[in-house]
Amino acid sequence: MIGRKNSGNASPLLLVLLALGFFFATYNLLTMLIHNKSSSLENWASESDPITQMPENTVENSNFRYHVALTATDAPYSQWQSRIMYYWYKKLKDMPGSDMGKFTRVLHSGKPDNLIEEIPTFVVDPLPEGLDRGYIVLNRPWAFVQWLEKATIEEEYILMAEPDHIFVNPLPNLARGSHPAGFPFFYIKPAEHEKIVRKFYPEEKGPVNNIDPIGNSPVIIKKSLLEEVSPTWLNISLRMKDDPETDKAFGWVLEMYAYAVASALHDVRHILRKDFMLQPPWDLEIGKSFIIHYTYGCDYNLKGKLMYGKIGEWRFDKRSYLSGPPPRNLSLPPPGVPETVVRLVKMVNEATANIPGWDTLTSD
């Protein structure tokens with residue numbers, strides 16, 4: 001379904017939010033691009049994320065399809081990732097074990113782009129100019145608010161996804177009724193930021209550990225719950241961005257904390273599934289996991305040793321292709337590189353080999 005930009009005034013919901021006085025200064029977008037340099041990543045393999053046990057007396061959702069919702073922009077960087085993601089969605093959608101329903105790229109650029117005939121797309125407005133302060137993912141909650149309000153969505157559940165996700169195994173509906181399923185991120189630690197978190201999650205709501213260590217993606221959630229949480233998620237995101245202490249502390253993961261806090265404010269607890277997603281180069285084996293998230297650079301020497309933080313003799317980093325798509329037939333990693341990295345490059349190569357016009361499509 002192709003949505004159209006509203007040509008009139010902003011919706012009353014946005015005007016209410018704007019009236020709260022969230023005025024922003026310039027934000028350095030590079031903070032989003034260098035998050036893979038965090039020194040705490042060295043401890044990824046040894047970190048133990050808390051796991052919320054599946055609630056008792058719930059039923060399987062094997063027959064409950066979920067709608068795949070991918071928030072994106074019309075920038076070439078977002079476009080080529082979206083094309084690869086959609087290719088693998090189509091390949092795995094009807095495989096045994098999959099509960100995937102329909103697919104929508106929620107395009108928050110305000111106008112259609114040159115992929116609307118290739119990928120099912122619903123166009124929504126970005127935040128008013130300057131409101132995101134260069135932190136473009138602040139448009140994500142606003143995009144979901146608009147899409148949920150205006151679109152016709154047949155499925156009862158929604159998977160919130162991102163362009164740099166690749167489905168590596170058929171993904172069932174991992175949610176259980178009013179309990180969404182999410183991926184536990186080792187760097188989302190509300191208890192370590194209690195002073196800041198309490199600005200947005202008051203003590204009367206309960207302990208800080210009620211806030212799950214998640215972002216909004218990947219999450220499979222009941223549509224009715226997301227309709228409740230999304231306006232709060234937007235509100236909290238704007239408030240956090242407007243608070244200098246919070247902005248400095250959370251940086252590029254601010255919007256993730258905002259979703260986690262917003263969910264807790266609505267008493268929503270997530271089933272935490274480590275098998276939901278893999279993140280090369282830190283995760284080494286595919287196993288039965290469902291999504292590859294290629295947000296981190298993969299740098300190796302020719303002996304297959306990880307050279308993280310340095311430019312490797314062999315490398316794959318999505319940020320090498322900010323202005324256009326990677327070429328077809330990327331070189332495979334040297335021997336000794338983990339299975340996840342090898343599979344990632346092979347899956348990128350398969351997609352680019354089969355997507356028409358891969359080398360020529362550019363943003364209008």
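Modeller: Happy to! Two strands pair if DSSP finds at least two bridges between them, and strands (E, at least two residues) and helices (H or I, at least four) are DSSP runs numbered from the N terminus. This is a predicted model, in which local features need pLDDT of at least 70 and side-chain atom pairs count only at pLDDT 80 or more, while totals for chains, interfaces and linings use all residues. Residues are numbered from 1 along each chain as its sequence is written, and side-chain values use heavy atoms, leaving out hydrogens and water.

Let us begin with strand E7, residues 219-222, which pairs with strand E4, residues 157-161, in the antiparallel sense over 4 bridges. Within that pairing, Ile 158 stands opposite Ile 221 of E7. E7 also pairs with strand E6, residues 181-182, again in the antiparallel sense, over 2 bridges. There, Ile 220 of E7 has Ala 181 opposite.

Elsewhere, an open sheet of 3 strands runs in the order E5-E10-E9, with mixed pairing. Its edge strands are E5 (165-167) and E9, each of which pairs on one side only. E9 and E10 are joined in the parallel sense over 2 bridges, and Met 277 has Ile 291 in E10 as its bridge partner.

Now for helix H3, residues 76-92. Its 17 residues should span 24 Å at 1.5 Å a residue, and its end C-alpha atoms are 25 Å apart, which agrees; the expected span is 1.5 Å times one less than the number of residues. Buried means under 20% relative accessible area, exposed over 50%, and partly exposed in between, with a 1.4 Å probe and protein chains only. By that rule 14 of the 17 residues of H3 are buried, so the helix is largely enclosed by the rest of the structure.

On to the rings. Rings of Phe, Tyr and Trp (its six-membered ring) pair if their centres lie within 6.5 Å; planes under 30 degrees apart count as stacked, over 60 as edge-to-face and the rest as tilted. The structure holds 19 aromatic pairs. One of them is Tyr 87 with Trp 88, edge-to-face at 5.3 Å centre to centre and 85 degrees between the planes. Tyr 87 is buried at 12% relative accessible area, and Trp 88 is buried too, at 7%. Trp 282 and Tyr 308 have ring centres 4.8 Å apart and planes at 65 degrees, so this pair is edge-to-face as well. It links distant parts of the chain, 26 residues apart: Trp 282 is in the loop between E9 (277-278) and E10 (291-293), and Tyr 308 in the loop between E11 (298-300) and E12 (314-316). Trp 282 counts as buried at 15%, whereas Tyr 308 is partly exposed at 23%. Tyr 77, Trp 80, Tyr 294, Phe 316 and Tyr 321 form one aromatic cluster.

Arg 269 is partly exposed at 28% relative accessible area. Its side chain makes a polar contact with the side chain of Asp 212 at 3.0 Å. A polar contact is a pair of N or O atoms within 3.5 Å; within protein, one must be able to donate a hydrogen and the other to accept it, and residues adjacent in sequence count only if both atoms are side-chain atoms. A polar atom of the Arg 269 side chain also lies 3.4 Å from the backbone oxygen of Asn 209. The C-alpha atoms of Arg 269 and Asn 210 are separated by 7.5 Å, although these residues are 59 apart along the chain.
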